[in-house]
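Here are my notes for you on this one. Keep the viewer open as you read and find each part as it comes up.

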Amino acid sequence: MTDQAVDTNGPAGAAGTAGAKEPPESTPPRFFGRARELKALQEDIEGAGLDTLAGRKAARARVLLIAGRPGSGRTALAAELARRLAEPGDYPDGVFRVSLTDPGGERVTGERTARELLDTLRVAAPPGADEDELSEMVREAFAVRRALILLDDAVDAEQVDPLLPDNPDCLVVATSTGPLTGISGVRPCTIGGLDTGAAVQLLAHTIGQVRITVDPRTAETLAEECGGLPAALTLVAGWLAARPGASVADVTKQLCDQQDDPEQPTGARPLARAFRLVHDSLPAVAARILRLLALAPAGLADAHTASALAGCSVSAAQTTLDDFVRFGLLRTNGAALPQYEVPGCLAPLVRAVLEERERPAEIQLARARMLERTVRRLQACRAVTDPEDSPARRRLAGLPRSLRFPNPESAAEWLRIREPALVASARLAVRDGGLDTLARRLVAALVRALAVHRGTEDAAPVLYGLHGLVLDVAERRDLPREKAAALLNLADLDARTGRTREALARYRAALDAGRAANDLYATGRAMESAGGAYAELGDYNRASDWYGRALAQRLTQGEQADAARLYGRLGAVHTYTGRYGEALREWRAAAAGHRRLGDLPAQARALSEAARVQEYAGRPQESLHTCREAVDLARRAGDVRLQAALELRLADTLDRLGDPAAARLHRSAADRLLGEESPAYEIRSASNET
C-alpha cells in the first residue's frame, strides 16, 4: 500500500504514476529528514556489486530496497531518491513508477504491471498477451534505455524479478514491507519513524511555527505519540490546521485518549489512532463520504464518484474532497479534472471503519449508485460525438448539466484521465457478482466510449480485458447470447494478433453458444470466422467446409450481401488449392450477387478475381474479356482508383498474351487516371476482405 509522503503538500510526495508530470503551477514538495538513509542508498548505488568484485560486468540492473511499514514514508523516500538521482541527468530516459499493490491491499498481477510500464514507454502491447510475453517486452524496452524504475509496494520478489532489465545502466528502486528474498545483491534500507526534529519540522510547516514555539516539549511528545510516522503526523497536522484555536497540547491529549486496537501490531497503532481522531472529528456527512470512498475503484475518485456514493450534490462532494486533501486524508493530482486518491496506508483503515459503521445493504446501495452514475457518464461521453440531431444527442440534452460534456474533446480527456478507475470499476463490479446487470451495462458503455474516442485498434488491449469480463458474467449467469458475443470479440482480437489457433477454438465455442441462444447472427459469423481461421492456418479444405456452412445459412435467411461476400471467400480458397473450375463458379456467383445489390465496385472486383482464375487456368482470352468487363463496371461506378488498378491488371494480361503495344496503352490510361506520382492500389483477393 502506497505510503503518505513526507512533504509539504500532504500525502502526495511520490513521483506520481509512471511518466506523469506535475501541473506547471504546482510547487515542488518539501522533504524532511532521512538524510542518513539517503546517504546510505546513494553509497549503495556507487558501491561495487558482487559481479564487479569478481571482474565481471553486472548482467542486470541494480536493485535498491526501501523497507518499512505502511505510513513510514517509504514511498516518499523512494521518490526523493529518484528526484535527486534524476536531477544531474544520470538517467536521461526518465523515471518510471508503477505500484504493485492495489489500494485494497491486493497484489497487482504481473500482466497489469507490465502493461502499465509498456503504456508509459509508448510500446504497443498485443491484446491478450500473457504475463511472460509482456514481461519480456518490458525487459527488452529497458535494455536500450538508461532509466530509473520505481516499483512501489512490492509484495514479494516474484513481482519484482520478471521486471528487472538485463541492463546494468538501469536502476530499480523498490519499496516493500519486508525483504525481497530471492533477488541477489539486495541490501534493504529499513526505515522507521522520523527523528524528533524532522517530525516537529513537518508539523511546523503545516500549522505554523508559533504553536510549536509556545510549547516545544509537547510538540516533541506529539511526534513521539505519532511514532514519528509521516502519515500520522500529516493527519494530526491537518486536524490542527483546520482548528486555528486548538493547541498542540489539545491534540496530544485527544490522541492519547484514543483506544488502541489490541489486534493491531504495535507499530501500526499510532497511525490508526491519528486516523480515528480525524475521522471522529468530521461532521457526520463528511465522515460518511470518507468511509464510502473505500468503495472507489482503484482508490481513485472524482466529485461524481463521491456524489453518487453518498447521495449528495456534486458541488458538495467537490468541497468535501478538497477539505480532505487539506486534512491529509486524500491526495490529488491537481489537474484541471482532479482525481482524488485515498493513500494506500489509510485504505485499510477507511475500509475497516466503513464495515464497522455502515450496514451491508447501505454499502451495496452506494456501490449501485456509483455504477449507475458511471454508466450515465460513459453514455454521455460517447453521445457527445454523435451529430447534433441524433437520438443520442437528444437524450443527452435531457441529462443534468453536471453529467454532460461541452464537446467531444472534453469527453475524450475525461475518459483518458478516468480510464484506470473505469476499468477497475468494471473488474470490481463483475467480481462482486451481486450487480451483474449494472456490470454488463457498465462494460458495454465503456467499450463503446473507448471505441469512439480511441478507436478499436488503439484500445484493443483494454477491450480484450473488458470482453473477458463480459464472458465471466455470461458464464456465471448462463447467458448464451452474451457469451457468444464475448467469445467472438475475443477471438477477433486473438486472430488480429496472430494467435490463430486460440481464435479458432473461441470461434467454435461461440458457435455452440450461438446455437444454444438460437442466435443466427452469432452462428453465421462464428462459422465464417472459423473458415477464415482455417484459411489462415493453410487448411483450405476445412476453410471451404466452414464457408460453405455459413453460406448455406445466409442463403436460407436471404442475406444477399453476406452471401455475396462468402461466395468470394469460397472462390479465394478454391483458387489457393488449384480448383479453378470451382473457384471461377464461386467468383461469378459473387459478381452476380453484387450485381443484384447494385454494388458496381464490388462486382468489378469479383470479376477481376474471376479473370485472375481464368488466367491461372490457362484461358487468357477469356481472362482478357472478363477483365475488360470489370474495367467497364469500374468506369460506370466512377471509382477512379479501382478503374486504374484494373487497367494495370489488363496491361499485365496483354503483356502475357504478347501484345506490349496494347499493354502500354492501358498503362498510360492508368497514369492519366491517377497521375504519374499516384500509383493505383493493388486489388486484394477477397480472402482478405472483411
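1. Start with strand β3. Strand β4 (residues 171-176) is joined to β3 by 5 bridges, and the two run parallel. A word on terms: strands (E, at least two residues) and helices (H or I, at least four) are DSSP runs, numbered from the N terminus. Two strands pair if DSSP finds at least two bridges between them.

2. A note on what you're looking at: this is a predicted model, where local features need pLDDT of at least 70 and side-chain atom pairs count only at pLDDT 80 or more, while totals for chains, interfaces and linings use all residues. Residues are numbered from 1 along each chain as its sequence is written, and side-chain values use heavy atoms, with hydrogens and water left out.

3. Back to β3, which also pairs with strand β2 (residues 95-99), in the parallel sense and over 5 bridges. Here phenylalanine 96 stands opposite isoleucine 149 in β3. How many residues of strand β3 (residues 148-154) are buried? It's 7 of the 7, so the strand is largely enclosed by the rest of the structure. Buried means under 20% relative accessible area, exposed means over 50%, and partly exposed is in between (1.4 Å probe, protein chains only).

4. Now look at the loop between β2 and α4 (110-120), where you'll find threonine 101. Threonine 101 counts as buried, at 8% relative accessibility. Its C-alpha atom is separated by 18 Å from that of leucine 118, and these residues are 17 apart along the chain.

5. Next, a helix pair. Helix α7 (residues 196-207) packs against helix α10 (residues 230-241) at an angle of about 30 degrees, and their axes are 9 Å apart. α7 and α10 are therefore roughly parallel to each other (angles under 35 degrees count as roughly parallel). In α7, the residues meeting α10 include Leu202 and Leu203; among their partners in α10 are Leu233 and Ala237. Contact means heavy atoms within 4.5 Å. By class, this contact of α7 with α10 has 9 nonpolar, 3 polar and no charged residues.

6. Last, an open sheet: 3 strands in the order β6-β8-β7, with antiparallel pairing. β6 (300-301) and β7 (331-332) stand at the edges with a single partner strand each, so one side of each is left without a neighbour in the sheet. β6 is joined to strand β8 (residues 340-341) by 2 bridges, and leucine 300 has glutamate 341 as its bridge partner in β8.

Technical notes. Axes are lines fitted to C-alpha atoms, for helices over the stretch in contact, and angles run from 0 to 180 degrees between N-to-C directions. Angles under 35 degrees count as roughly parallel, over 145 as roughly antiparallel, 65 to 115 as roughly perpendicular and the rest as oblique. Ala, Val, Leu, Ile, Met, Phe, Trp, Tyr, Cys and Pro count as nonpolar, Asp, Glu, Lys and Arg as charged, and the others, Gly among them, as polar.
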